[in-house]
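Open the model in your viewer and keep the sequence beside it. This tour tells you what to select at each stop.

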Amino acid sequence: MGYTTSEQRQGTKDKVACRRWLVPMLHCITVTLVAAAAQAGVLKPGPPKVEDVRYEVPVYLSEGDGQVAALNFTLSYDPSIVQPVGIFPGAASAQSGKVVTSNLAEPGQYIIVVMGFNQTAIGNGEVARVAFEPVAGASGVNTTLSVANPTLSTWDGAELPVQTG
């Protein structure tokens, strides 16, 4: 039984070559799946709602996957056109028992924090609503609002990946 044919030897070589090729490929696939699973959320402003001279802009969290327990971001805007006058919790924040607070770091940079003294995850949906009023003399002028410097974290403080929209 100690005899081997050239076909048997070739079959063994093929199996070894296949293993050499398959192991790195599986590793690559695993890394890709982990990277895809690590996507934790998207923060983006929604369309403004106009009431008299006040503009209310919702900010939405999507693709949170039940992991986001707190978040913060900077809402950037043109301070020569609008100024923030208030911040309100969105439905997703309120349902998870979170509070929403803000700080005007400098004109054009409104920092918003959503947090709570609980471990409840924030669901997908509106996390905050920011009220703006036009600056005197800026009637009829448009400005762009954008989310900058976002941070999402889990209940134990681990940072999660985030994208802005």
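Which residue in S9 stands opposite Ala70? Select Ser153, for that is the residue facing Ala70.

A word on the ground rules. This is a predicted model, where local features need pLDDT of at least 70, side-chain atom pairs count only at pLDDT 80 or more, and totals for chains, interfaces and linings use all residues. Residues are numbered from 1 along each chain as its sequence is written, and side-chain values use heavy atoms, with hydrogens and water left out.

**Strands**

Helices (H or I, at least four residues) and strands (E, at least two) are DSSP runs, numbered from the N terminus. Two strands pair if DSSP finds at least two bridges between them. Select S4 (70–76) and S9 (146–153). Six bridges join S4 to S9, and the two run antiparallel.

Leu152 has Leu160 in S10 as its bridge partner. Five residues lie between the strands of this hairpin. Click Gly157 there: its phi is positive, near 90°.

**The core**

Next, select Leu43, Leu71, Ile112 and Val127. These have the most contacts inside the largest nonpolar core, which has 26 residues. Such a core is a set of buried Ala, Val, Leu, Ile, Met, Phe, Trp, Tyr and Cys residues joined through side-chain atoms within 4.5 Å. Buried means under 20% relative accessible area, with exposed over 50% and partly exposed in between (1.4 Å probe, protein chains only). Elements giving two or more residues to the core include S3 (54–62), S5 (82–89) and S7 (109–115). S8 gives the most, with four residues.

Stay on Val127. Beyond four places in sequence, the residues it touches (heavy atoms within 4.5 Å) include Leu43, Val59, Leu71 and Ser93.

**Ser93**

Is Ser93 buried or exposed? Ser93 is at 0% relative accessibility, so it counts as buried. Its side chain reaches the backbone oxygen of Val127 at 2.6 Å.

**An aromatic pair**

Last stop: select Tyr77 and Phe132. Rings of Phe, Tyr and Trp (its six-membered ring) pair if their centres lie within 6.5 Å; planes under 30 degrees apart count as stacked, over 60 as edge-to-face and the rest as tilted. The count by this rule is one aromatic pair. The ring centres of Tyr77 and Phe132 are 5.4 Å apart and the planes are at 65°, so the pair is edge-to-face. Tyr77 is in the loop between S4 and S5 and Phe132 is in S8, so the pair ties together parts 55 residues apart in sequence. Both residues, Tyr77 and Phe132, are buried.

Definitions and conventions. A polar contact is a pair of N or O atoms within 3.5 Å; within protein, one must be able to donate a hydrogen and the other to accept it, and residues adjacent in sequence count only if both atoms are side-chain atoms.
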